[in-house]
Amino acid sequence: MSRAIKHLLVGGLFIMTTGISAATTAKASDLTLKIVNPQNLYDPTPNGYSTAVIVPGGARVAHVSGQGGQDASGALSPDFAVQVEQAYANLGAVLDGLGARPDQVAKLTVYVVDHDMSKLEVLTRNVKKMFGERLPAQTLVPVPKLAIDPMLFEVEAVVMLD
């Protein structure tokens, strides 16, 4: 095999291997969630969520287990609003641990024991406090109970990582 062909083969392998890693990872500038709230549907933003969120291709995604309202010692307040506030603080701590920010959360699923309309204001206030105008998609699931009897609220998340 001629020297020129060997150089072409080695150069081609180098380009292919460096091209593969560049092609399989998204650029940081491309890693922005796209919020979709179609104008022909009800506007969900006053209630603290978006209709849909698109995670760009090539992004890494983390699935965060449900965070309840336990404080660092494991204690749970009997007050729903206190549990919700603590659960979002716990979610914030998980995001910090992942090296992520609230604007990287694509989807929330919240579980509410004995849900009624009076609890929506508490939920909406806490979501807007944490996420501001960049509201993730969200589903609320009313449940009769959670893993621990005094637990009244739990939030899980899908997070896009840089």
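Which residues of helix 2 are buried? Select helix 2 (80-98) in this predicted model, where local features need pLDDT of at least 70, side-chain atom pairs count only at pLDDT 80 or more, and totals for chains, interfaces and linings use all residues. Residues are numbered from 1 along each chain as its sequence is written, and side-chain values use heavy atoms, with hydrogens and water left out.

Helices are DSSP runs of H or I with at least four residues, strands runs of E with at least two, numbered from the N terminus. The buried residues (under 20% relative accessible area, 1.4 Å probe, protein chains only) are Phe-80, Gln-83, Val-84, Ala-87, Tyr-88, Asn-90, Leu-91, Gly-92 and Leu-95. They pack against strand 3 (60-68), strand 4, helix 3, strand 5 and strand 6 (153-161).

Just after the helix, Gly-99 has a positive phi of about 75°.

Now select Gln-104, in the loop between helix 2 and strand 4 (105-113). Gln-104 is buried, at 1% relative accessible area. Beyond its neighbours within four places in sequence, its contacts (heavy atoms within 4.5 Å) are Leu-33, Gly-99, Val-158, Val-159, Met-160, Leu-161 and Asp-162.

Note on methods:
Buried means under 20% relative accessible area, exposed over 50%, partly exposed in between (1.4 Å probe, protein chains only).
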